[in-house]
Amino acid sequence: MIPQLSRKERAEHLYRVITSERFLTKQGLGNEVPFFICPFPAEEGVTMIEDRRDLIERIAHAGVTALDLSLYDISLGLLEERGILEDILAAEPDMEKSELRELLQGVLDVHEHLIPKIGAAIAAQPHDVIFLSGVGEVYPYIRSHNVLNNLQSTAKDRPTVLFFPGSYTHSTATGGSLDLFGLLHDDKYYRAFNILNYEV
């Protein structure tokens, strides 16, 4: 059962976990990748941005450095680098949603483009933990379970926390499920730990 935490309780839990030696040294994970999901109510999307920034500042005072990566910002950067952002923005009003989705899924291919960009950021900046956000902003062009599946070989040395607007549930019948916005029950993912259930 996922604990129903208030913003303040969630912030305190995250701080306690992320600054703990057990978390930073990846203890108690067995042979699993050190991936953690931090689910939060979708309606708290704006306040979660503030809470994440506060958390980064607080853990820094405790000597823990976060590499803060937004899938949305990385995606915009990729489109700008390839010189196609303005063209896409100009064409978007006249495109069918399915055409736009297909276009963006191609130019933002997770394996070919997104993961190498994340890998470069990981290599370039010393850090103790990786924060991934912007999941809701890039849906449906980029799916969180696809990012996590492809990230396993790139981000295995440090814990990674995916801030997820929705729920992350496990059941014996359906396995693990990332339910975006608490509505879209279709992203199967099994290998991450719910950080709200992680004890130090």
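A nonpolar core is a set of buried Ala, Val, Leu, Ile, Met, Phe, Trp, Tyr and Cys residues joined through side-chain atoms within 4.5 Å. Keep that in mind, because buried here means under 20% relative accessible area. One caution before I start: this is a predicted model.

So, the cores. How many residues does the largest nonpolar core have? It has 36. The residues with the most contacts inside it are Ile-37, Leu-69, Leu-71, Leu-114, Ile-118, Leu-132 and Val-147. Helix α7, residues 110–124, provides the largest share of this core, six residues.

Take Val-147 from that group. Leave out residues up to four places away in sequence. Val-147 then touches Leu-71, Val-110, Leu-114, Ile-115, Leu-132 and Ile-142. As background, nonpolar side chains tend to be buried together in soluble globular proteins.

Next, a strand. β2 covers residues 66–70. Four of its five residues are buried, so β2 is mostly covered. Which strand does β2 pair with? With β3, residues 129–133, in the parallel sense, over five bridges. Look for Ala-66: it stands opposite Val-129 in β3.

The largest pocket has a volume of about 310 Å³. It is lined by 19 residues, and the closest to its centre are Gly-45, Ile-49, Ser-133, Gly-134 and Glu-137. Five elements come up here: α3 (45–61), β2, α4 (71–81), α8 (135–138) and β4 (160–171) each supply at least two lining residues. Which of them gives the most? That is α3, with five residues. By type, the lining divides into nine nonpolar, five polar and five charged residues.

The second largest pocket holds about 250 Å³ of space. Its lining has 15 residues, and Tyr-72, Leu-76, Leu-79, Leu-104 and Tyr-141 lie nearest the centre. Two or more lining residues come from each of α4, α5 (85–91), α6 (97–107) and α8. Here α4 gives the most, with four residues. This lining divides into 12 nonpolar, one polar and two charged residues.

Is Met-48 buried or exposed? Its relative accessible area is 3%, so Met-48 is buried; the cut-off is under 20%. What does Met-48 contact, beyond its neighbours within four places in sequence? Arg-10, Cys-38, Phe-40 and Phe-163. Now compare sequence and space. Met-48 and Arg-7 are 41 residues apart in sequence, yet their C-alpha atoms are 8.5 Å apart.

Last, two backbone details. Most residues other than glycine have a negative phi, and most peptide bonds are trans. Two places here go the other way.

Lys-26 is in the loop between α2 (21–24) and β1 (35–40). Its relative accessibility is 30%, so Lys-26 counts as partly exposed.

The other is the bond between Tyr-139 and Pro-140. That peptide bond is cis, with omega about 5 degrees. Pro-140 lies in the loop between α8 and α9 (144–151).

That is the tour.

Terms used:
Residues numbered from 1 in each chain as written. Predicted model: local features only at pLDDT ≥ 70, side-chain atom pairs only at ≥ 80, totals over all residues. Heavy atoms only, no water. 1 Å grid on protein atoms, 1.4 Å probe; cavity = no way out; pocket = protein on both sides within 12 Å on 5 of 7 lines; lining within 4 Å. Points joined across faces, edges and corners; volume = space filled by probe spheres on them. Nonpolar A, V, L, I, M, F, W, Y, C, P; charged D, E, K, R; others polar. Buried < 20%, exposed > 50% of the residue type's maximum accessible area, 1.4 Å probe, protein only. Pairing = 2+ DSSP bridges. Contact = heavy atoms within 4.5 Å.
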